[in-house]
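Please keep the sequence and the model in view while reading.

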Amino acid sequence: MRGKKSATKWFLVLLLTLLIAGCSTGKEENTTEGSKNSSAKDGSTLVIARLSDAESLDHQFMSTINAASITHGKIYEGLVGRDKNAEIQPLLAKEYKQVDDTTWEFKLREDVKFHDGTDFNADAVKKTFDRMLDPNVGSPKAALFKMVKEVKVVDDHTVQFLLSEPYSPLLSILASHEGGIISPKAIEKYGKEQIKEPDGTGPFVFESWTPGQEIVLKKNESYWGTKAKVDKVVFKVVPEETTRVSMLETGEAQIAEPLSVPMMETVEASKNSEVYRSEGFGTEYIGFNVKNEKLSDVRVRKAISHAVEMDSILKGVYNNVGSEANSLMGSKVFGYNPDMKTYEYNLNEAKKLLAEAGYPDGFEITLKTMDSRERINVAEVLQSQLKGIGIKLNIEVLEYGTFVEQVNAGNSEMFIISWRNATGDADYNQYNLFHTNSIGGAGNTFFYSNKEVDGILDAARMEKDQEKRIELYAKAQKLEMDDALYIPIRVIENLAATAKGVEGFSISPSGYLEINDVSVK
């Protein structure tokens, strides 16, 4: 049997490779040979074929790493950033210090200008955060900085963050896309409306956005730091994965992402492209909207959790790419609890809980997912497994932007989604996903509210002792698991396909595409 399966598997890989080679993407002649003979050079155009468009280019409103990957570190920069080892380093601030429990001071670089020519200074920092915290603007990210009482201008190149209470993860938030500094001219132009033409200090300048088609950035020739190696970057929306990968074969694109597990072998078999892999901070999971009448009963959520056999999903759908998750945090995130236990596979317990909840014969419910091959496959496996306890699971597949919009609005029952921790700190995961203040677009799409959990998460933000913070997060995660809000699937492994000759590309543990050092041969 093993030999038969192996032969079938390689036949499918060969078939997919042939299909890709035969795909037409608008070019009349095969350019593979020309790509092979081209020499390394700076000043070229980098084309990134992506599954979906950004839902926003305003980092004070965007809700996904997918969107943030376009602006963070490219258009916008923060006072601090993370280096290649994910360690926090000065960026627009040349140095910083914690003056006392509630005061942080940043000394700013004096050689930086925004893309529109405006000087970067303390006033720009203040205006950026004043906009985010303005209730009339209504930024869903304001909750992350609710402890910021005032951003105080000390002088042109010194700014202080005055907090209403201690906030241990401040630097980690400032290093994420939410901490990017916006040109005062852009703030004046757009006010409380979402910024459609982002203007920052980064190595790339915004050129154009054709919604649903592409976003174009160009090299910032006046950049204060190390300049980008390519002249232009085009983020092209290409929903069909086979087409994205075939664009690498024809030379129409140099990076295709995301890459699904089923497509990995096809890329690995190609002479012109290769697979990029790296471990992420985030996880994928099945979520429950607790506002739903049936799912408001914790016994129903526990029953569904007991009915899911995750090993078959990890092996059958993901081919063991990405490790098994026991919570909504990857093992590299500060505050991860290795001792967390998920609900064991137990159909008898699942049926018992359903009967106790008043559903001895099961019920019908809908699960929503984005149009990703892997997640559709997960949904179909889940559909089959839940039949075992009498639940008829309907699957609704939506375009990515529509999916995010509906789940954020609470227009869902069950859903498959991911959370890519942008900071590497448990606060970003826990506060966004589970705190009452974050219900909706900020991340809490469970629509969950638990005063005890809220209190623990608030305390963890204020606690300076890192070991005590870990203990608090362990307690919060236990309560969340007891309330059966989600079923963890796996710790995300970042996957992309790159054309051979692309150098300097990476995906950070947070999930941001890192392209500032990319060169193309």
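Two strands are said to pair if DSSP finds at least two bridges between them. Helices (H or I, at least four residues) and strands (E, at least two) are DSSP runs, numbered from the N terminus. This is a predicted model, in which local features need pLDDT of at least 70, side-chain atom pairs count only at pLDDT 80 or more, and totals for chains, interfaces and linings use all residues. Residues are numbered from 1 along each chain as its sequence is written, and side-chain values use heavy atoms, with hydrogens and water left out.

**The open sheet**

- Four strands form an open sheet in the order β4-β5-β7-β6, with antiparallel pairing.
- Its edge strands, β4 (93-100) and β6 (148-155), each pair on one side only.
- On average, neighbouring strands of this sheet are turned by 20° against each other, direction ignored; axes are lines fitted to C-alpha atoms, for helices over the stretch in contact, and angles run from 0 to 180 degrees between N-to-C directions.
- Strand β4 is joined to the antiparallel strand β5 (residues 103-108) by 6 bridges, and Glu 95 stands opposite Lys 107 in β5.
- Helix α4 lies across β5, β6 and β7 (158-163), and runs at about 165° to β6.

**Strand β12 and its partners**

- Of the 16 residues of strand β12 (residues 273-288), 12 are buried, so the strand is largely enclosed by the rest of the structure. Buried means under 20% relative accessible area, exposed over 50%, and partly exposed in between (1.4 Å probe, protein chains only).
- Strand β12 runs antiparallel to strand β16 (residues 486-499), with 12 bridges between them; Glu 274 is opposite Thr 498 in β16.
- Strand β15 (residues 414-419) also pairs with β12 in the antiparallel sense, over 6 bridges, and Trp 419 in β15 is the bridge partner of Thr 283.
- Ile 492 is placed in strand β16 and, at 3% relative accessibility, counts as buried.
- Leaving aside neighbours within four places in sequence, Ile 492 is in contact (heavy atoms within 4.5 Å) with residues including Glu 279, Thr 283 and Ser 418.
- The C-alpha atoms of Ile 492 and Val 321 are 8.2 Å from each other, although these residues are 171 residues apart along the chain.

**Nonpolar cores**

- In soluble globular proteins, nonpolar side chains tend to be buried together.
- A nonpolar core is a set of buried Ala, Val, Leu, Ile, Met, Phe, Trp, Tyr and Cys residues joined through side-chain atoms within 4.5 Å.
- The largest such core has 102 residues, and among the members that touch the most others are Leu 79, Phe 106, Val 125 and Phe 446.
- Helix α4 (residues 122-133) gives the most to this core, with 5 residues.
- Apart from this core lies another, of 49 residues, among them Leu 295, Tyr 318, Leu 382 and Ile 389.

- In helix α13 (residues 400-408), the buried residues include Tyr 400, Phe 403 and Val 407.
- The buried residues of α13 pack against α3, β13 (364-370), β14 (392-398) and β15.
- Glu 399 caps the N-terminal end of α13, with a side-chain oxygen 2.9 Å from the backbone nitrogen of Gly 401.
- Just after α13, Gly 410 takes a positive phi of about 85°.
- Ser 52 is placed in the loop between β1 (45-50) and α3 (65-71), and at 7% relative accessibility Ser 52 counts as buried.
- Leaving aside neighbours within four places in sequence, Ser 52 is in contact with Asn 66, Val 237 and Tyr 400.

Key
Polar contact = N/O pair within 3.5 Å; in protein donor to acceptor, adjacent residues only side chain to side chain.
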